[in-house]
Amino acid sequence: MGQYHKVYNLDKREFIHGHQINNGLKLMEQCGPGEGATTSDAVWLLLANSNGRGGGDAPKHSMVGRWAGDRLVVQGDYVEGTDTAYIPDCEIESFTNISADVKEMLGTCFPY
């Protein structure tokens, strides 16, 4: 087994589920290198603040930059109430899963 992690956006109350974007759920399974785009790639694109102004930028997509300036937490299922940025389960239940939109963004930005 191991600890399974998700990325949570505290400001927009959204999250990314690694399996739903073709990644693992363990912390290091969501970081490169891998055979395709990773959760880390997704977060990087979601946080982009000035995309589309120069060579090497990501293709235009409504999700790129969606989380710019927001507060994020990567939280595993072994979290404890004393952890610095602990989000209780009762709060997580109200978060929206945006994994399908993130997967589509990754397909546009990394068409391999």
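Rings of Phe, Tyr and Trp (for Trp the six-membered ring) are taken to pair if their centres lie within 6.5 Å, with planes under 30 degrees apart counted as stacked, over 60 as edge-to-face and the rest as tilted. The structure examined here is a predicted model, in which local features need pLDDT of at least 70 and side-chain atom pairs count only at pLDDT 80 or more, whereas totals for chains, interfaces and linings use all residues. Residues are numbered from 1 along each chain as its sequence is written, and side-chain values use heavy atoms, with hydrogens and water left out.

A search of the whole structure for such ring pairs gives 2 aromatic pairs. In one of them, Tyr-8 and Phe-15 are tilted, with 5.9 Å from centre to centre and 40° between the planes. Tyr-8 also pairs with Phe-95, and because the ring centres are 5.7 Å apart and the planes stand at 80°, this pair is edge-to-face. Since Tyr-8 belongs to strand β1 (residues 5-9) and Phe-95 to the loop between α2 (89-92) and β4 (96-97), the pair ties together parts that are 87 residues apart in sequence.

Across the chain, 36% of the 112 residues count as buried.

The chain as a whole contains 3 helices and 4 strands, where helices (H or I, at least four residues) and strands (E, at least two) are DSSP runs numbered from the N terminus. Read from that terminus, the elements follow the order β-β-α-β-α-β-α. Along its principal axes, the C-alpha trace spans about 45 × 30 × 20 Å. With contact meaning heavy atoms within 4.5 Å, 63% of the contacts between residues at least 6 apart in sequence join residues at least 24 apart.

Technical notes
Buried means under 20% relative accessible area, exposed over 50%, partly exposed in between (1.4 Å probe, protein chains only).
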